[in-house]
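Please have a look at the chain below and keep the view open while you read. The notes that follow are meant as a friendly walk through a few of its parts.

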Amino acid sequence: AWAQVSDTFGFAPVAPVERTVDAFTVPDGFDWHPIIRWGDPVVAGAPAFDLDDQSAEAQEQQFGYNNDYLAILPQGDGTALLVANHEYTNENLMVPGFVDEESLTVEQLRTSIAAHGMSVVQVERRGDDPRWYPVASPFGRRFSALSTRFRLTGPVVGHELVRTSTNPRGTSVIGTLNNCAGGHTPWGTVLSGEENVDQYFRGDPAAADPRNNEMYGLVGDDGEAGTGRYWWKVDPRFDMAQEPNEFNRFGWVVEIDPTDPSSVPLKHTALGRFKHEGATVAVAADRRLVVYMGDDQANQHLYKFVSKGKLGGSLRNGSFLLQQGDLYVARFSAEGDPAADYDGTGEWIPLTKGGRSMVPGMSLEEVLVFTRLAAAAVGATPMDRPEDVERSPVNGKVYMACTNSSSRQAPGVANPRSKNRWGHVVEITEAGDDAGATTFTWALPLVCGDPTDPSTYFAGYPADQVSPISCPDNVTFDSAGGLWISTDGQPGSIGLNDALHYVPVDGPERGHVQQFLAVPTGAETCGPWVDVEDGSVFVAVQHPGETEGAAVDVPTSTFPYDGSSSRTPRPSVVQVYRTTAGAMPQG
Ligand code: FEO
Ligand code: CA
Ligand code: CA
Ligand code: CA
């Protein structure tokens, strides 16, 4: 079996890789290359990586930890801008002599905070070499959780819910946190979702807003205050007892402009606040901007934002479109038994419209800050952890990865399995193929898992001819409309290293899942970026070696195996490129 993605991109699927294997696995005819690694210089003049001499000052100039979202934006002159999210940190793999989080020094904590955020780095090609390399340039920039100021935009600006002692006007925020997936805009900027931001704050049952406790589980079921990640030792804003509103300033979609190193990054409150997996952009038939967004927690929801204004002909300077518009949440319907009904209809229910709240008893600002409560109030459909959601540029359908949900007690509409270990993919067809529509139909092209299990489904494609796939997370498309799905959780669910899979969604090959690569033990596959014309697939290898008992000097992975990291793995952005020109695999 082999895939013909386009005339320039075929491959023979790789065999599933056991979860203990410390290797980066690619198909025959391809090789791979780490473009940039944790600790590599980003800002011109940054110090070289030194595991034994990390500091917050160095880290703020170097590539952060745990790269997730990835964009490679060509600049038209043989260079490109690489943009990556840095979702979180693994101190046991970062700090020599690590004991536990509570024992970290203030400087070590500050270094961890600095390792969160985003990076922009210019990359270039050299002669006939197919590989991309980072270059020191004025575009090199770190957005860190330690020091970068973000400006708030939209209806919540200045509201009392976002005022703090250090920003009494409620207009700006230091840092971005837990940046997971994202998207890019027609005007050249990058959007990034702030996801599991609760972990950084020490909850206080007395001081914390009960609406946040309910929304994010800031306070445990036992009603006790959490410890957070001890960041409050560095900065009191991470202690809810001291700064109860700081938490409300995280959980947004942020926007950065990689092409303008002096630009001020933004947090867009019109898009709502929840555990944003990502944010991907489409354009409605009438040129309004549409942003699809998943909220990655069990029984949370799928959203879309539709701008008030319309995209101009030049496709430039569209950032204002993200500051005013309507926020919708999805309700799925089906007629039959939800365990067996793999298609149905749905509607987008407005939470905000024309600058007003559509939720009884909640103000506009409350809907945007406590969006989960608003969604539940209007009867949105609880989903099995909505991760990445993205519209195909070729067939116009929208694909959402529901990664898994151990907490689902019974099959629900568009979520057919209780104790959903393996996840599924939802395909949404907007009415009239218009991203601005308020109704849709839906189907489940993939119900993931071990293909020998009768509960799996691959759009009718023979199960004995597909690659095993579990816990779909990020989705992207190649220029021919092929869907690429990266996974997060295969090791714990089907015993395999996480992977990147290719699956056609149209034609006779619909449902034919084929594994393209596998990441090393402990890692998840993130940020797939497929450039057929470039002949390259780019992935972010996140948390390699994140396995039980792993530590600096006792690693279970030494990825990327280039001699730079024999003592600990380094999360890296990897380019997979073709080594055999012309001839495609056959048969
Ligand atoms: Fe950060 Fe939902 O993955
Ligand atoms: Ca993810
Ligand atoms: Ca994506
Ligand atoms: Ca995930």
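The report goes from a sheet to a core, then to a helix and a few single residues.

This is a predicted model, in which local features need pLDDT of at least 70, side-chain atom pairs count only at pLDDT 80 or more, and totals for chains, interfaces and linings use all residues. Residues are numbered from 1 along each chain as its sequence is written, while chains are lettered from A and ligands numbered from 1 in the order in which they are written.

**The sheet around β35**

Let us begin with strand β35, which covers residues 572-578. Strands, like helices, are DSSP runs numbered from the N terminus, with at least two residues (E) for a strand and at least four (H or I) for a helix. Six of the seven residues of β35 are buried, so the rest of the structure largely encloses this strand. Buried means that 20 or more other C-beta atoms lie within 10 Å of a residue's own; with 12 or fewer a residue is exposed, and in between it is partly exposed, the C-beta atoms being placed from the backbone.

β35 belongs to an open sheet of four strands, in the order β3-β35-β34-β33, with antiparallel pairing. At the edges stand β3 and β33 (524-531), each with a single partner strand, so one side of each has no neighbour in the sheet. On average, neighbouring strands here are turned by 25° against each other, direction ignored; the axes are lines fitted to C-alpha atoms, for helices over the stretch in contact, and angles run from 0 to 180 degrees between N-to-C directions. Two strands count as paired if DSSP finds at least two bridges between them. The table shows how β35 is joined to two strands of the sheet.

| Strand joined to β35 | Bridges | A bridge pair |
|---|---|---|
| β3 (residues 30-37) | Seven bridges | Trp-32 with Val-576 |
| β34 (residues 536-542) | Six bridges | Ala-540 with Val-573 |

**The core**

Val-573 turns up again among the contacts of Leu-82. Leaving aside neighbours within four places in sequence, Leu-82 is in contact with Ile-35, Ile-36, Ile-72, Val-121, Val-123 and Val-573. Contact here means C-beta atoms, placed from the backbone, within 7 Å. Leu-82, Leu-271 and Met-400 have the most contacts inside the largest nonpolar core, which has 156 residues. Such a core is a set of buried Ala, Val, Leu, Ile, Met, Phe, Trp, Tyr and Cys residues joined through C-beta atoms within 7 Å.

**A covered helix**

Helix α3 (residues 106-114) has seven of its nine residues buried. These are Gln-108, Leu-109, Arg-110, Thr-111, Ser-112, Ile-113 and Ala-114. Their cover includes α1 (56-59), α2 (91-94) and β8 (141-144).

**Loops worth a look**

Most residues other than glycine have a negative phi, and most peptide bonds are trans. The loop between β34 and β35 holds His-543, which has a positive phi of about 40° although it is not a glycine. Pro-560 has its place in the loop between β34 and β35 too, and the peptide bond from Phe-559 to Pro-560 is cis, with omega near 10°.

Asn-178, in the loop between β10 (172-174) and β11, also has a positive phi, of about 55°. Is Asn-178 buried or exposed? Asn-178 is buried, because 26 other C-beta atoms lie within 10 Å.

Trp-187 sits in the loop between β11 (179-184) and β12 (190-194). With 19 other C-beta atoms within 10 Å, Trp-187 is partly exposed. Its C-alpha atom is separated by 5.8 Å from that of Asn-317, 130 residues apart along the chain.

Methods:
Contact = placed C-beta atoms within 7 Å.
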